[in-house]
Amino acid sequence: MAFLPGVACAQIASPGQPGQGAPMPAPTPPPAESQPQDETIVPDDVFEAAMPPIGDDIDAPLTPITPTPGATESSASALERLTAALEGKLEAIKQEEPEFAQALPPLSEFALAPPAEIEGVKDGKTVVLFYEWEVDGLDAIGAEDRFRELSALRRGKGKAANSAMVSARAAEDERLALRLMQSLGYYDATAISTIEQRPQNSGRLAAVITATPGPLYRIGTIDVVADPTVPADLILRELPLKTGDPLEADRVQGAEANVSLRLPQQGYPFAQVGERDILLDEVAYTGDYTLPVDVGPRASFRGFQTEGRRQVFGVDHIAVLARFRRDQLYDSRHVDDLREALIATSLFSTVSVEPVRTGEKGPDGTEYVDLLVRQTAGRPRTLAGELGYSTGQGIRLEGSWTHRNLFPPEGALIASGVIGTSEQGASVTFRRSNWRQRDRTLTLGLSVNRSNFDAYESFTGSFSARISRDSTPIWQKRWTYYYGLEIVGSNEDRFNFNRGVRDRGTYLIGALPAFLGYDTSDNLLNPTRGFRIKANVSPEASVRGAARPYARLMVEGTAYYPVTPSIVIAGRARVGSIPGIDRDDLAPSRRYYAGGGGSVRGFGYQELGPRSPDGKPVGGRSLAEFAIEARYRFGNFGIVPFIDAGQVYEGLYPTGKNIRFGAGIGGRFYTNFGPLRVDVATPINRQQGESRISLYISIGQAF
């Protein structure tokens with residue numbers, strides 16, 4: 001029998017011996033001539049399933065000494081110099097200690113001879129020794145690939161300073177092969193490294209690692225040692241091991257990790273898995289497995305405690321973020337969820353959440369625990385900027401200053417401004433995140449804006465209030481929504497078809513916008529699979545002389561399909577309609593337009609659709625847009641060919657007539673906050689006045 005320790009060598013009594021069941025020290029190995037052949041001590045590290053890379057420090061002491069510039073010396077000449085030095089030293093000894101010198105043999109009996117020269121490459125001052133290497137015996141048990149990843153010989157790339165360095169690497173790989181085989185359950189395995197010279201290959205050295213796995217050991221009995229008050233099957237059902245399984249390190253460690261994960265999810269926050277004991281039977285090739293587990297008390301949630309020199313939230317707001325109630329059975333998934341919610345606020349430099357015992361009992365007999373939140377406030381202010389360019393809209397620079405906690409808790413003040421070729425404006429926004437309940441945001445905003453597009457020129461002031469549930473790059477949500485109100489005053493020019501001239505008018509608009517979205521995509525800024533559905537409804541009333549009620553409606557769907565790990569096909573469809581009002585009675589800024597980087601590429605901003613007699617776009621009451629693109633990524637770069645289509649219509653429904661197409665290609669540079677996008681497109685069947693080439697530069701994918 002052989003004893004296999006886990007993290008550290010535990011002590012057990014041998015079955016059938018006096019004092020069975022009581023610990024006894026590990027026996028001291030007897031002299032070699034009386035050592036039993038069926039009893040061994042397995043090293044402590046055989047259960048290191050994920051083998052750490054072997055360091056290159058074995059090469060350090062063997063680095064050759066660089067000779068004096070311009071001096072090169074063969075092995076034979078070096079040996080002659082060494083022999084002469086020894087002869088001189090021996091002569092000095094004869095003069096100082098004649099009696100001692102007489103007892104020394106002649107120097108010739110040392111049989112000093114130059115070693116065989118091995119062909120190398122003289123690289124300035126250093127002679128490089130080339131070698132080959134191979135491994136036998138690991139492929140049959142599926143360990144050769146892992147061995148090659150960690151091999152010191154492989155990392156040497158077939159070059160060394162001398163043969164001693166090759167031998168050191170081979171010895172390291174010999175130990176590596178043995179540990180790999182033992183981690184797979186081959187505890188009688190052996191590995192031997194040999195160094196040989198191969199004259200048939202220019203005299204190069206060859207390092208050969210020969211591995212012999214031996215028999216595979218399997219799990220014998222499984223015994224869990226825990227508090228007898230704990231249900232007998234609680235731990236066993238979370239320990240996915242069974243008798244007869246191979247005694248593999250990955251399998252055993254994974255099963256123990258599952259116990260450590262699942263017990264805190266079932267009301268045991270302080271459960272700890274102890275050090276495993278495995279007793280090997282070298283005759284039956286089995287290992288009896290024993291695992292001690294300190295389950296600890298079963299617990300329920302009570303409340304919160306906070307700690308930290310610069311605290312951000314008190315216990316009241318932390319309770320708003322929690323998704324559990326007092327007296328609910330402890331579940332570590334709720335603790336992880338609370339930690340992620342705290343991190344998502346971006347208000348902490350450090351934050352942690354952990355259970356602490358209170359000593360109190362709940363109504364169901366479980367022990368109450370509090371969650372201790374250790375927090376340190378981070379910097380609450382942010383400066384941000386975004387620069388973009390598109391044909392028809394020109395350059396657009398947007399900047400913002402944000403204080404994320406000016407009105408605690410989570411009351412942010414945001415000041416932003418836009419400077420561009422066609423747009424200038426400023427806004428002030430108050431945002432209360434997690435307002436009265438988690439994931440709900442209250443937003444109040446004031447803005448002034450001047451827009452000067454081909455379709456219209458407007459001076460606009462607005463006030464808005466909105467309650468929303470939004471996705472962020474840190475916290476992407478499946479369902480999102482918003483609803484609110486908006487009051488807009490706008491002075492705009494338009495083409496008056498009744499008079500045949502362009503005039504200006506002032507509009508007062510009230511709206512109740514609402515949005516509902518469903519998102520299954522895997523990433524907010526760079527999705528590669530899944531789909532999204534969005535629906536916008538905005539009942540509005542426009543007052544210019546008389547009040548005219550209407551509604552703005554739009555539905556959009558996008559889908560993402562990975563063809564290969566590096567190619568994603570993405571598609572988009574968008575349909576909109578404005579019932580209840582004639583187009584010419586609608587403020588130009590509230591009409592639908594198509595064309596541009598976020599619409600139909602290949603055309604300028606708002607370029608598609610009906611036009612006035614003076615050649616400028618006038619917008620419409622309905623639109624239809626479609627797009628498909630293939631996103632090919634290689635490293636941090638990408639190429640995206642695409643085709644877009646769309647049109648705007650004067651009537652209530654998009655008829656699909658006179659659909660215009662644009663085609664192009666884009667480049668992507670992927671960063672940790674999303675891809676930088678550059679698209680170049682051209683209209684298909686270009687008409688007079690339309691640009692041959694349109695360019696769009698922005699952040700994020702087109703959709």
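# Note on local features of the model

1. D327 is partly exposed, with a relative accessible area of 34% (buried means under 20%, exposed over 50%, partly exposed in between, with a 1.4 Å probe and protein chains only). Although D327 is not a glycine, this residue has a positive phi of about 75°, and its place in the chain is the loop between α8 (315–321) and α9 (332–344) (helices are DSSP runs of H or I with at least four residues, strands are E runs with at least two, and both are numbered from the N terminus).

2. The structure is a predicted model, in which local features need pLDDT of at least 70 and side-chain atom pairs count only at pLDDT 80 or more, whereas totals for chains, interfaces and linings use all residues. Residues are numbered from 1 along each chain as its sequence is written, and side-chain values use heavy atoms, with hydrogens and water left out.

3. The loop between β15 (394–403) and β16 (411–420) contains P409, and the peptide bond that joins P408 to P409 is cis, with omega at about -5°. E410 is found in the loop between β15 and β16 as well, and E410 has a positive phi of about 60° despite not being a glycine. With a relative accessibility of 4%, E410 counts as buried, whereas D327, which also has a positive phi, is partly exposed at 34%.

4. A search of the whole structure finds 44 salt bridges (a side-chain nitrogen of Lys or Arg within 4 Å of a carboxyl oxygen of Asp or Glu). One of these pairs R148 with E144, and the closest N and O atoms of the two residues lie 2.9 Å apart. R148 and E144 both belong to helix α3 (residues 144–150), and because they are 4 residues apart in that helix, about one helical turn separates them. The two partners fall into separate accessibility classes, since R148 is partly exposed at 32%, while E144 is buried at 16%.

5. A salt bridge also forms between E367 and R357, with 2.9 Å between the closest N and O atoms. This pair links distant parts of the chain, in that E367 lies in strand β13 (residues 367–377) and R357 in strand β12 (residues 348–361), the two residues being 10 apart. E367 is buried, with a relative accessible area of 6%, whereas R357 is exposed, with 53%.

6. The side chains of D503 and R499 meet in a further salt bridge, at 3.6 Å from N to O. Here D503 counts as buried at 14% relative accessibility, and R499 counts as exposed at 59%.

7. The whole structure holds 1 cavity of 30 Å³ or more (a set of points on a 1 Å grid over the protein atoms alone where a 1.4 Å probe fits but cannot get out; lining residues have an atom within 4 Å of a point). The largest cavity has a volume of about 50 Å³ (the space filled by probe spheres set on the points, which are joined across faces, edges and corners).

8. Among the residues that line the largest cavity are A455, D493, R494, F495, R502, R591 and Y593. Strand β20 (residues 479–496) gives the largest share of this lining, with 3 residues. By class, the lining divides into 7 nonpolar residues, no polar ones and 4 charged ones (Ala, Val, Leu, Ile, Met, Phe, Trp, Tyr, Cys and Pro are nonpolar, Asp, Glu, Lys and Arg charged, and the others, Gly among them, polar).

Note on methods:
On a 1 Å grid over the protein atoms alone, a cavity is a set of points where a 1.4 Å probe fits but cannot get out, and a pocket is an open set with protein on both sides within 12 Å along at least five of seven lines; lining residues have an atom within 4 Å of a point.
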